[in-house]
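Please examine the sequence and the structure shown below before reading the report.

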Amino acid sequence: MQTVLWLLVFAVSSKLLFGSETQCGVGEECIYKQWMSWQPCTGRCGVEAQIRQRVFCCPGSLMNISAALRTLQLCTRTCKAPKYYLTEGRHCRKCINHGVLNYTARTCSCPKTYKGLCCQENIKCSDLPCKHGVCYDTTAGFRCDCESGYSGIDCSEDIAEELELPIWLPKLEIALLAVISMTILMTMGCLCLRCCKLCGCSSSDDDDEEEERRKAKPRKNHSQIPKSKSGKSFDF
């Protein structure tokens, strides 16, 4: 692994470009400048590496010779500067198949259908992926037929079973609501009637009963004049 990394660094170092006029100012010769960004991670899974380069300002006298003769070795030899300060490399990890890279640990977090250092291998039924179900191998990997109460690619997700309500339950609810409504109405009616009696309120039925009692009560005849002791009546 270390040998592959150094071979990659050497291959890139031999093709380094000198600092341009925008990166190297007037009089800036034989000096090291800032590091460039890291290049993409390359290499097969398990031996990936990436490098970055550093700008180096060569003497202006070398800019007058042809590009074929203006090499990095000539620049560093003229400046008497070590070439290994211009390029550095590091190990990296390249995740495929939608894997997520952990930059700190340089490991891949793979989806449930893949495995391996770079998520490059399909998971099969031999890996026992189905937690609560039956596994079947497919061309794309595997398929799980989950047991009742479980779902997901690997049958690891619990689902709440739906309660099967009896058919007569809605009718019972309607009947109970009707009974409760009638009870409330009757209670309110009794309370209103009691309040009317306490407050002296009268209704049309009470007026009719009072009228009947007045009709049944005997009346005095005020047209008759009481007789005197002598038995004679006086007419006016």
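Predicted model: local features only at pLDDT ≥ 70, side-chain atom pairs only at ≥ 80, totals over all residues.

Residues are numbered from 1 along each chain as its sequence is written, and side-chain values use heavy atoms, with hydrogens and water left out.

**Strands and a helix**

Helices (H or I, at least four residues) and strands (E, at least two) are DSSP runs numbered from the N terminus. Two strands pair if DSSP finds at least two bridges between them. Strand β2 (residues 49-57) is joined to β3 by five bridges, and Gln50 has Arg90 in β3 as its bridge partner.

Strands β8 (residues 133-138) and β9 (residues 141-146) run antiparallel and are joined by six bridges. They form a hairpin with two residues between them; Asp137 has Phe142 in β9 as its bridge partner.

Relative accessible area is classed as buried under 20%, exposed over 50% and partly exposed in between (1.4 Å probe, protein chains only). In helix α2 (residues 72-79), the buried residues are Leu72, Leu74, Cys75, Thr76 and Cys79.

**Disulfides**

A disulfide is taken as a pair of cysteine sulfur atoms within 2.5 Å. By this rule the count comes to nine disulfides, including those tabulated here.

| Disulfide | S to S | Torsion about the S-S bond |
|---|---|---|
| Cys95 and Cys108 | 1.9 Å | -95 degrees |
| Cys110 and Cys119 | 2.0 Å | about -90 degrees |
| Cys146 and Cys155 | 2.0 Å | -85 degrees |

Cys95 is buried at 19% relative accessible area, and Cys108 is buried at 15%. Cys110 counts as partly exposed at 25% relative accessibility, whereas Cys119 counts as buried at 0%. Likewise, Cys146 is partly exposed at 30% and Cys155 is buried at 0%.

**Asp154**

Asp154 lies in the loop between β10 (150-151) and β11 (157-158) and is buried, with a relative accessible area of 8%. Its side chain makes a polar contact of 2.7 Å with that of Ser156; such a contact is a pair of N or O atoms within 3.5 Å, where within protein one must be able to donate a hydrogen and the other to accept it, and residues adjacent in sequence count only if both atoms are side-chain atoms. Not counting residues up to four places away in sequence, Asp154 touches Lys112, Pro129, Cys130, Lys131, His132 and Cys144, contact meaning heavy atoms within 4.5 Å.
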